[in-house]
Amino acid sequence: MAAEPDRLIVSYAPHLRSSDSIEKVMYTVAAALLPATAASIYYFGLRALFVTIVAVLSSVLFEFLMNKIRRREHLTCFDGSAVVTGLLLALNIPASLPYGMVILGSFIAIVITKELFGGLGYNPFNPVLVGRVFLLISFPVAMTHWPAPHVVDMVTAASPLGILKTDGVAAVSNLSFWQLFFGEIAGSMGETSSLAILLGAIVLFFRGYITLTIPLAFIGTTAMFTGIFYIADPARYASPLFHLMTGGLLLGAFFMATDWVTSPMTRRGQIIFGCGCGFLTGLIRLFGGYPEGVAFSILIMNAFVPLLDRWDLLSLKSKREVA
Amino acid sequence: MRTFNQGGVHPPEYKLTADLAIERMPTPARLVILLSQHLGKPAKPIVGKGDKVKKGQLIGAADGFISSNIHAATSGTVHSLEERWPAPTGQYAPAIVIESDGTETWADGLNIDEEKPLELSREEKLKRISDAGIVGMGGAGFPTHVKLNPPKDKTIDTFILNGAECEPFLTPDYRLMLERPAEILKGLEIAASLFSKDTKIYIGIEENKPEAVKAMEKAAQGGPFTVVSLKTKYPQGCEKQLINTITGRTMKEGQLPFDVGALVHNVATMFALYEAVAKKRPLVERVLTLSGMEVKNRKNLIVTVGSLVKDVIEHTGGTTTEINQVIIGGPMMGKAQYTCDVPVTKTTSGILLINNTEIDSLRERPCVRCGKCISACPQGRQPWLLADLGQQRRLGDMPGCGLMDCMECGSCTYVCPARRNIVQWIKYGKAVNAARKR
Ligand code: SF4
Ligand code: SF4
């Protein structure tokens, strides 16, 4: 070729960018969720697969429609965030939930919670959790009847936390640690297998997409809170280990409390955020009206995020002021 | 391993030219010498069209306190004086065009051999540095004689040679350290001799350049130097980060290095300073790296100041495939050029020829609040906020959020998954705020 190129593009420095993009991050998160999805299909059968497909497709479709309505020049529905929302939503509901309700959940998550606030990056609340809580409040019966694992005709059973709430500690004492760890319990699709969730979390951690600050603060606080009561009265309260392995605690701590958009950006805020989530979860589980409190507590703490970020900004300002 | 206290990123290094010895590129037939190759006011031309000039002759005189002399880089005739010539900064600058006569005859009294440059008087040393038009050759081009003459009330106790060269691709300083360690150290000693005797002299080199560490350690034996190897992390070679790494001191917003008692000098500058004081050679040539993935013959070259970028590309045989970007400087802080007619200046440390295939897909997305830019910022700032304020045109609020503390290192933009042009918004904010003040 000629020594001198004739068409040059002027662009801003830096001319090197890291390979992380929203697409790459989101599809990695989606991949990290696959073990949990696979586990739910293993335990709850094909119906779980269909629920997942319906949730993902409807999420992407709703985002596509919103893109069109908002006349976006560039479509955002394929950037992977809607896929993650769909996958997470599926993991947050019982495999027996009617498809109509699943689609309604996607609508609440994508349209109401995310797009109406401005789309990815602008939503103050975690879309998946708003979807879940909306369904839980609207359809309490359907949302709390969990299919028992490995049962073909969808016999429903109460989740361990539900049994704990209604029947006390003695009723759950037959569940072994390994049963809880591998997920052989009734529950929403992805909350059951701790192993599958941890596998995904490890991937995200090593890619640098989540830090451990929030999950550790979250889980640690719940363990401490429930531990204190367990030590005080083991006959009435379940052990902290039981609390860690049941419900959506691990899924919530590693995949939803760490959502970039709805969690604080700096370390101090993240610690407070995580501890707040953990404390509220313990409080709701032991004394609240619902057996499970992860979704509520994360949503409540989401509301504090702007405040926590603001605090960091102010202290940063005073720290670097010229002497 | 020592490094600075916060932030930083690890871009790929791409030091493709590290093993190539420095070669000399012949002076092209026509040179375009910019009168503004430094920070501060452009120099005033003191020659006219048709004048005969000799190599090293003063053709542009420093104008004011912060300015620098400009010299003819070869012998020949002044072809013309240009008002506007494209400069690597992206703006225009006045320039003097010289037709070379091919003899490279030095002007009288220059290119001598001083026996004992260290024993010259302080005034004489400073005069030779200022006469030779030495400026910081790492990028900013701050006049060196001004830097070496800080206000009287500041005490300097630390002298640092910046051998970090943290920009990907660039290797001129590395090659100089391997090939000319003795001269660099002499230059450093001359510069340090302007200050009190107990000024500590450090040589900071990133640990990914063990050869350079070895070469400098060998040359430094018995001298008043301490060689420090630094952790490889961008932007280790920025002044503030280097000072923090070596002395532990932090510069507050608005402070200059001498406020914390330290001065940082670039390797190439010290080499040029040595030549200025010991040989009375003005700064008319420099070492630069020509690199890029698509370049046929990557090289470390001594190039005469005023050679055009297209001359350099021609000399090395061009590229293997079509390229779409020419960048002067490194890929993190360098400037993309719109023409190959820009000349090499005193601060041109590299020319990169790049085929950027990503460029069309770099669409800015909204901030997803990942916090990566905050943990990457070596200045402990919140870059996303500055970008937000810029995008919302709330430019007046930017200085209150640390606008002036940012040194435009690009770490935040490098890591941002939403591909926001954070540095661009910051530069925009700085420009508008500066204009408003006037
Ligand atoms: S460019 Fe400025 S804001 Fe961005 S990382 Fe560098 S110093 Fe911080
Ligand atoms: S790196 Fe980009 S997306 Fe992440 S917080 Fe900073 S500006 Fe926002």
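## A nonpolar patch on chain A

Helix H8 of chain A gives the nonpolar patch its largest share, 3 residues, where helices (H or I, at least four residues) and strands (E, at least two) are DSSP runs numbered from the N terminus. This is a predicted model, in which local features need pLDDT of at least 70 and side-chain atom pairs count only at pLDDT 80 or more, while totals for chains, interfaces and linings use all residues. Residues are numbered from 1 along each chain as its sequence is written, chains are lettered from A and ligands numbered from 1 in the order in which they are written, and side-chain values use heavy atoms, with hydrogens and water left out.

The patch covers about 560 Å² of surface and is made by A:Phe177, A:Trp178, A:Phe182, A:Leu195, A:Leu199 and A:Leu241. Such a patch joins nonpolar side chains (Val, Leu, Ile, Met, Phe, Trp, Tyr) within 5 Å, from residues with over 30% relative accessible area and no salt bridge; the areas come from the Shrake-Rupley method with a 1.4 Å probe, and for residues only the protein chains shown count as cover. A salt bridge is a side-chain nitrogen of Lys or Arg within 4 Å of a carboxyl oxygen of Asp or Glu. At least two patch residues each come from helix H8 (177-182) and helix H9 (194-207) of chain A, and A:Phe177 belongs to helix H8.

## The surroundings of the ligands

Around ligand 1 there are 13 residues, of which the closest are B:Cys377, B:Cys406, B:Cys409, B:Gly410 and B:Cys412; a residue counts as near if one of its heavy atoms lies within 4 Å. Helix H11 (411-415) and helix H12 (422-437) of chain B are the elements that give two or more residues to this shell.

Ligand 2 is surrounded by residues of chain B, among them B:Cys367, B:Cys370, B:Cys373, B:Trp384 and B:Cys416.

## Backbone details

Most residues other than glycine have a negative phi, and most peptide bonds are trans. In chain B, the peptide bond from B:Tyr234 to B:Pro235 is cis, with omega near -5°.

Notes:
Patch = residues over 30% accessible without salt bridge, like charges linked within 9 Å, V, L, I, M, F, W, Y side chains within 5 Å.
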